[in-house]
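Hi there,

Here is the structure I promised to pass on to you. Have a look at it first, and then read on for what turned up.

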Amino acid sequence: MEFSLLSDVLPLVCVLIATALTVRLLRSKSDAGSLPPGTTGWPIFGESLEYLKKGWNGNPQEFIQERMAMFSPHAFKTSLFGEHTIVLCGAAGNKFMFSNENKLVTAWWPTSIDKIFPSSTQTSSNEEMKKMRKLLPHVLRAEALHRYIGIMDSISRRHLESDWANRDEVTVFPLAKMYTFWLACRLFISVEDPDQVAKFSEPFNLLASGIFSVPIHIHGTPFNKAIKASNQIRKDLRAVIKQRKIDLAENKASPTQDILSHMLLTADDDGNFMHDMDVADKILGLLVGGHDTASITITFIIKYLAELPEVYAEVIREQMEIAKSKAPGELLNWDDIQKMKYSWNVACEVLRLNPPLQGAFRQAIVDFTYSGFSIPKRWKLYWSAHSTHRNPKYYPEPDTFNPLRYEGSGPAPYTYVPFGGGPRMCPGKEYARLEILAFMHNLVTRYKWEKVIVDDKIIVDPMPVPEGGLPIRLYPLKA
């Protein structure tokens, strides 16, 4: 009886399962057909290894360029870091991503980032980024930046005197990081004693190494070290915050002296003040973002000036004219910075060829269509600076270093995106411009140099850095 019933039901069950699988397969094929062309690579790993290998070999742009040529210049699908991803390409893709923030897409970070940067308010890294973007325009407004220029000039001079003077050779990248971190400590939390800055910088180096490492939380891994470093930094910052609150209450500190004072004394729209832990979280984020990208840009400026004597000659001509107009010991001011047009063009070309931020992820918050392709909700999207920065459609002879590209109206909209674009434009762009130019001025008016490794390789992991950190030989200029 039971066997008879089973023999009658089993074929029906098989038919139902087969039907369900067929419908699912047909839907899958239908959905896949409407997605952008491309390949998701290996199971689990996707194309992540290929993406990383291109960077390790010094050619991160090839991953994007090859797939644009193979699949579509508008968009292609892939799989990166365990996520189905659609890469939007070209100026149109950049514009679409930047213009549809919180409408069709939202910023996305891997969950591992939340472990390194846990929020005291129990919100995600994405939510914390939104809060930071609302805060920064107030603390980096024009009058504050004007006031920062003299400080940037002073610290760049002190840095060159303490870490470059009386040396035949130096390695640029670690020294550039030291300068930008010292500056961030001074302007954000009024810490400028070299010993205290060095104490802060040690865990920051571990933190930076682990942010984009394999997220394995086992003792001794870069990810594990980054989490421990983050906890240590926040502990140190809470001590700074506690002392600052005492100093403010006793009028030993100024409400306008730095970003820390501003955070402690500024209420939100509901009249609430940030808790100490929340302030520590925000300052940690600022210190991370406030020095890494600028130090990479400074490093590549020094590399290209060593390789291109005609560019170096024009930069030193411009900077020497400014130096001659200053009284002995007089610090740079806003008017001086505005005269450094060619020098900033050089920095812009460095940022085009070697953008510290290669691109960024978003997540689709609804189903939508782009360029005839269906973009499913919850799929990740990626924009890459390399889809435009080295594209001959937008930049003739794209691999040639040419600072004159930025004369007049400059690059077409959404083709030059080292700082993002649209509503997502980096609020620290002007801060970065000032700290880079202040350092350029002091360096080129003191030294000439040459590379130690002539045919050095560029390694991207995850940001671009010249091989060996760019060791150079220094030749002091005659007074």
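Which residues in α10 meet which residues in α12? On the α10 side they are S230, I233, R234, L237, R238, I241 and K245, and their partners in α12 are D276, M277, V279, A280, D281, I283, L284 and L287. By class, the residues of this contact comprise nine nonpolar, one polar and five charged. As for geometry, α10 spans residues 222-249 and α12 spans residues 276-289. Their axes lie 9 Å apart at an angle of about 115°, and the crossing is right-handed.

Before going further, please keep in mind that this is a predicted model.

Now the overall picture. The protein has 479 residues, 49% of them buried, and its secondary structure consists of 18 helices and 12 strands. If you count contacts with a separation of 6 or more, 70% of them join residues 24 or more positions apart. The accessible surface amounts to about 23500 Å², and carbon and sulfur atoms contribute 58% of that.

The largest nonpolar core holds 100 residues, and the members that touch the most others are W164, I283, I302, Y431 and W449. Helix α8 (residues 172-189) supplies the largest share of this core, with 13 residues.

What does Y431 touch, leaving aside residues up to four places away in sequence? The list runs L140, L145, Y148, M152, L183, A184, L187, F188 and G290.

Most residues other than glycine have a negative phi. F81 is not a glycine, yet its phi is positive, at about 55°. F81 sits in the loop between β1 (75-80) and β2 (83-88), and its relative accessibility of 42% makes it partly exposed.

E397 is the other case: a positive phi of about 45°, again without being a glycine. Its place is the loop between α17 (386-389) and α18 (429-444). Is E397 buried or exposed? E397 is exposed, because its relative accessible area is 59% and the cut-off for exposed is over 50%.

Best wishes

Conventions:
Residues are numbered from 1 along each chain as its sequence is written. This is a predicted model: local features need pLDDT of at least 70, side-chain atom pairs count only at pLDDT 80 or more; totals for chains, interfaces and linings use all residues. Side-chain values use heavy atoms; hydrogens and water are left out. Helices (H or I, at least four residues) and strands (E, at least two) are DSSP runs, numbered from the N terminus. Buried means under 20% relative accessible area, exposed over 50%, partly exposed in between (1.4 Å probe, protein chains only). Contact means heavy atoms within 4.5 Å. Accessible areas come from the Shrake-Rupley method with a 1.4 Å probe; for residues, only the protein chains shown count as cover. A nonpolar core is a set of buried Ala, Val, Leu, Ile, Met, Phe, Trp, Tyr and Cys residues joined through side-chain atoms within 4.5 Å. Axes are lines fitted to C-alpha atoms, for helices over the stretch in contact, and angles run from 0 to 180 degrees between N-to-C directions. A crossing is left-handed if the near helix is turned anticlockwise from the far one by less than a right angle, and right-handed if clockwise. Ala, Val, Leu, Ile, Met, Phe, Trp, Tyr, Cys and Pro count as nonpolar, Asp, Glu, Lys and Arg as charged, and the others, Gly among them, as polar.
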